[in-house]
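Have the sequence and the 3D view open as you read.

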Amino acid sequence: MMPPTTLARRAAPVLACIGLLALWQVAALALKNDSFPTAIEAIRAIPSILGDKEALINIIASLRRMAIGFGVAVFVSIPLGLMMGRSRAVAAFFNPLLMVIYPVPKAALMPIIMLWLGVGDITKTLVIFLGVSLPVIYHSFEGAKAVEEKMLWSGAAMGLSAAQRMVWIVLPASLPEILTGCRTGLVLALITMITSEMIARQSGAGNILFNALDMGQYDTVFAMIIIVGAMGIGLDALFERVRAKLVRWSEPQFDIPLSFS
Amino acid sequence: MTSRLSPINVILGLAPIALLIAVWQGLVSFGVAPATLLPPPGYVFGRLLQQLVTATFQQEIAATLVRLFAGFAIAVVLGVSIGIAAAASPAINAAVRPIVRVLAPLPKVALYPALLLLLGFGHGSKITLVTADALFPILLSTYYGASTVEQKLIWSAMAAGTPRYEILFKVVLPAAMPSILTGCRIGLVISCIVVFLAEMITSTDGLGHVLVTAARTFQAVDMFVPLITISLLGLILNGLLGAVRSYLLRGFPEA
Amino acid sequence: MAEPVATRKPASSIIEIEHVSQIFQTSARKDHQALSDISLTIEEGAFVSILGPSGCGKSTLLYIVGGFVSPTGGAAKMKGKTIAGPGPDRGPVFQEFALFPWKTVLGNVTYGPRQQGMSASEADAQSRALIEMVGLKGYESFYPKELSGGMKQRVALARTLAYHPEVLLMDEPFGALDAHTRTRLQNDLLNIWERDRKTVLFVTHSVDEAVFLSDKVVMMSKSPGRIRQVIDIDLPRPRRRNELLLDPRYQKYVVDIERMFDESDEVGSRS
């Protein structure tokens, strides 16, 4: 049985969603603007997008690129971040480079990479990979840096080699922080995907958004926003479940992922 | 990602950047990549310096900076006040928390078409997008900082006769400052990124627009220039914020 | 088990704790009784220690007198008035120092007087004198992070003394310090206290510290927190540490109190 407080906590985000949609409805009715459909009109347009075979294939192709970009980025970034966190030299080597790359919008590299590699899957996946890498590296770095020195000493005393300490002590100890980075990275993957599609305007969810905008199908624009928003919230909720399972031992921490492009 | 600047660290840190430029030069010199696709670094940086002194390019930078600062400033004001309010009042917290939970993971850039429809193609829609993206990290870190202020600091101030409403400004806000500034730092980088992307997607001026124009005419050199400029802007702004931070937090350990 | 305490009631009582109990809700179902029916009277100008094992609620009792926590039963009164919240008549000194990290030593000490509406120049002069009194002359413009633990606690004491509270509430103030610093601060605290003999309520788990400093030691037992016994410490003042340690009366107080705690532990473990 669920205590009433837990129930209220679970229901709160749903209520917030409904509240925001209601707010939208009221605002749209009040503004009476042709280019601002009501929430209900937008929701009604969703089935026609999802029913359109081509649009659906497009969206699924987008998601596949996103999954590959995210997966490869996580696989590369975690070891790099952990090594940076445990070795001053490695950190000093990579930090300035990362600081220079940090404020560059990854999706903005799209036109240049397109110039080199064409508009194919590789270009789009590469951009997503770049977008996801930085937060995962950064959080793995912070996590590994904060690992208690004495814990490593205990490991060394038990006969673990440096590499073994990395795998059996540093990695699990920094897991909560790493997963925070992955969570930010996941939302970022989605954002980079959408943005790069908005810039390249070839296919995918971002393209559907702007094509509809150009053709004046405003309810499709807003319906697509709902779909993309739901993907963001859904992916995040899914990841949060996985995270909670993996780091059950850790102190509960307050983190809602920070999403940015 | 701050580390103390020792000479060895500086050399070590510059090495990969130098290496990157060397590889870049090498690719062009050995003819692996044609100069039309990958212009040599000397040419790109020369072009950057040449552009930086022209009035038109300066106007593009100014347009980008205006949007960036306006959006960031609104995000700071909103984020800090909502964050503090949510930490101070359980009622506000109960309302804000679920809304933030829903809106924070939402890809804000997807809202951009809607903002264009509602606010038009001018400054308004871009500034709003910057604010929407920079708001949440600032809000969340403010909330986190304000809700973890040590109880005994507040008690000490109360015992010294500070009225309840003044506690917020005299104790909670300064005590949460380290966390707030961390949020601002993230928010600032995000603002740089978002303003550039918004200008790329649709705009008639700004650095993002410069990149798109160059891309349309396949001018590889002119595509690198705005990218390097935004990176430099990010570094400069980050440095300025770091200076503000170390002044404001001079009393705090590990500031 | 707890005998009625402090029934003699001189005219000069300053704090009265009447049947105070405190229940904390630790989880959805479980309650934890931290304090059970505590009654205690503290006389003006007395140095009273509350002594007990960790978890006996002694700090909670202090927070109730401070007005930081309201009791779930009974009431604490200051000069006959029920305590409803914190006020500058009762100044806390915490084990964690709780200094404002964004203010200098001087800024921390002037905070209270400025809050009370004292002019900047007057607060400044008075605070400098206090900083000198606690032995930190020359450190006025330092930030707390630049000071050692003992120095921080001296600043915290000066910050509280600066707004002239009638009662000092000290919550294991020397608990986080090393043994050497601790004895030095005990001596200095006594010297400062001898000047105006403010009422002090001092929470500690150290038997020697309680006997050395106090006029009266309130012994508490745990789960639920009750007053076990109140012992008057009849030792001459001003006290000198080197003399007192050799004094058989001091030694007897320490040994007796320790024995009483040991006995209650044994009873506790058998039941």
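How far apart do the end C-alpha atoms of residues 218-241 of chain B lie, and how much of the span is helix? They lie 36 Å apart, and the span is 92% helix and 0% strand.

## Ground rules

This is a predicted model, where local features need pLDDT of at least 70 and side-chain atom pairs count only at pLDDT 80 or more, while totals for chains, interfaces and linings use all residues. Residues are numbered from 1 along each chain as its sequence is written, and chains are lettered from A and ligands numbered from 1 in the order in which they are written.

Helices (H or I, at least four residues) and strands (E, at least two) are DSSP runs, numbered from the N terminus.

## Chain A at a glance

Chain A has eleven helices and zero strands, so to read its elements from the N terminus on is to read α-α-α-α-α-α-α-α-α-α-α. Along the principal axes, its C-alpha atoms fill a box of roughly 70 × 60 × 30 Å.

An unreviewed UniProt entry puts "domain: ABC transmembrane type-1" at residues 59-239 of chain A. UniProt positions are in the numbering used here, feature names are shortened, and annotations may be inferred rather than shown by experiment. In the model, the ends of that 59-239 span sit 20 Å apart by C-alpha atoms, with 85% helix and 0% strand. The unreviewed entry also lists "transmembrane region" at residues 66-85, 97-116 and 221-239 of chain A. Residues 97-116 of chain A come out at 60% helix and 0% strand, with end C-alpha atoms 22 Å apart. Residues 221-239 of chain A are 100% helix and 0% strand, and there the end C-alpha atoms are 27 Å apart.

## A helix crossing in chain A

Look at H2 (residues 39-51) and H11 (residues 218-246) of chain A: their axes come within 8 Å and cross at roughly 80°. Axes here are lines fitted to C-alpha atoms, for helices over the stretch in contact, and angles run from 0 to 180 degrees between N-to-C directions. H2(A) and H11(A) are therefore roughly perpendicular to each other (angles under 35 degrees count as roughly parallel, over 145 as roughly antiparallel, 65 to 115 as roughly perpendicular and the rest as oblique).

Which residues in H2(A) meet H11(A)? Glu41(A), Ala42(A), Ile43(A), Ala45(A), Ile46(A) and Ile49(A) do, and their partners in H11(A) include Asp219(A), Phe222(A) and Ile226(A). Two residues are in contact if their C-beta atoms, placed from the backbone, lie within 7 Å. The residues of this H2(A)–H11(A) contact divide into ten nonpolar, one polar and two charged. For these classes, Ala, Val, Leu, Ile, Met, Phe, Trp, Tyr, Cys and Pro count as nonpolar, Asp, Glu, Lys and Arg as charged, and the others, Gly among them, as polar.

## Where A meets B

Between the two chains, 56 residues of chain A are in contact with 54 residues of chain B. Elements giving two or more residues to the chain A side include H1 (4-31), H4 (88-101) and H9 (175-200) of chain A. H4(A) gives the most to that side, with eleven residues. By class, the side of chain A that touches chain B has 48 nonpolar, seven polar and one charged residues.

## Chain B

Chain B has ten helices and zero strands, and its C-alpha atoms fill a box of roughly 75 × 55 × 30 Å along the principal axes. It is divided into domain 1 (1-38) and domain 2 (40-249), with bounds from an automatic or database domain assignment. The centres of domain 1 and domain 2 of chain B, taken over C-alpha atoms, are separated by 29 Å.

For chain B, UniProt (unreviewed entry) lists "domain: ABC transmembrane type-1" at residues 61-241. That stretch of chain B is 85% helix and 0% strand, with its end C-alpha atoms 19 Å apart. Among the spans the record marks as "transmembrane region" in chain B is 127-146, which is 100% helix and 0% strand, its end C-alpha atoms 27 Å apart.

## Two spots in chain C

A cis peptide bond joins Arg237(C) and Pro238(C), with omega about -10°. Pro238(C) is in the loop between strand E10 (226-232) and helix H7 (241-244) of chain C.

His164(C) has a phi near 50°, a positive value in a residue other than glycine. Its loop runs between helix H4 (149-161) and strand E7 (167-171) of chain C.
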